[in-house]
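Student: I would like to learn how to read the features of a structural model in an orderly way. Could we take them up in turn?

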Amino acid sequence: MTQIALKHACPPNRRFSLPMIRDALSLHRQRKTLARLDARALEDIGVTREQAQAEAARYVWDAPEFWQK
């Protein structure tokens, strides 16, 4: 049997959990709501229609970097 010596610990495998699913559903709802905002609301938050549509079109697993920590 071959043995392998590791110099550092392997990161744990990511598993789906209830908080991850809840966050993904929340992100999906937020993106769809963003896509439905009118021009005045988008102007209030400083987002163009094109930016809102691009964000809404992203996949649910394409979450912001700070969510993945």
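Tutor: Let us start with a definition. A residue counts as buried under 20% relative accessible area, as exposed over 50%, and as partly exposed in between. Asp23, at 34% relative accessibility, is therefore partly exposed. Please keep in mind that this is a predicted model.

Student: Asp23 has a salt-bridge partner; which residue is it, and how far apart are the closest N and O atoms?

Tutor: A salt bridge requires a side-chain nitrogen of Lys or Arg within 4 Å of a carboxyl oxygen of Asp or Glu. Asp23 is paired with Arg22, and their closest N and O atoms are 3.6 Å apart. Arg22 itself is exposed, because its relative accessibility is 52%.

Student: How many salt bridges does a search of the whole structure find?

Tutor: The search returns 4 salt bridges. Another of them joins the side chains of Glu55 and Arg31, with an N to O distance of 2.9 Å. Glu55 belongs to helix α3 and Arg31 to helix α1, so this pair ties together parts that lie 24 residues apart in sequence.

Student: Is Arg31 buried or exposed?

Tutor: Arg31 is buried, because its relative accessible area is 3%.

Student: Which other residue forms a salt bridge with Glu55?

Tutor: Arg58 does, and the closest N and O atoms of that pair are 2.9 Å apart. With a relative accessible area of 30%, Arg58 counts as partly exposed. The picture can then be widened to a network of salt bridges that links Arg31, Glu55, Arg58 and Asp62.

Student: What pattern do the secondary structure elements follow along the sequence?

Tutor: The order is α-α-α. The protein has 3 helices and 0 strands.

Student: What is the handedness of the crossing of α1 and α3?

Tutor: The crossing of these two helices is left-handed.

Student: Where is Tyr59 placed, relative to the helices?

Tutor: Tyr59 is in the segment after α3, a helix that covers residues 49-57. Tyr59 counts as exposed because its relative accessibility is 54%. Trp61 is also found in the segment after α3, and at 65% relative accessibility Trp61 counts as exposed.

Student: How is separation along the chain to be compared with separation in space?

Tutor: One reads the two values side by side. Trp61 and Ala24 are 37 residues apart along the chain, while their C-alpha atoms are separated by 7.2 Å. Tyr59 and Arg31 are 28 residues apart in sequence, with 9.8 Å between their C-alpha atoms.

Student: To finish, what share of the residues in the protein is buried?

Tutor: Buried residues make up 10% of the 69 residues. Arg31, at 3% relative accessible area, is one of the buried residues.

Definitions and conventions:
Residues numbered from 1 in each chain as written. Predicted model: local features only at pLDDT ≥ 70, side-chain atom pairs only at ≥ 80, totals over all residues. Heavy atoms only, no water. Helix = DSSP H or I, 4+ residues; strand = E, 2+ residues; numbered from the N terminus. Buried < 20%, exposed > 50% of the residue type's maximum accessible area, 1.4 Å probe, protein only. Left-handed = near helix turned anticlockwise from the far one by under 90°.
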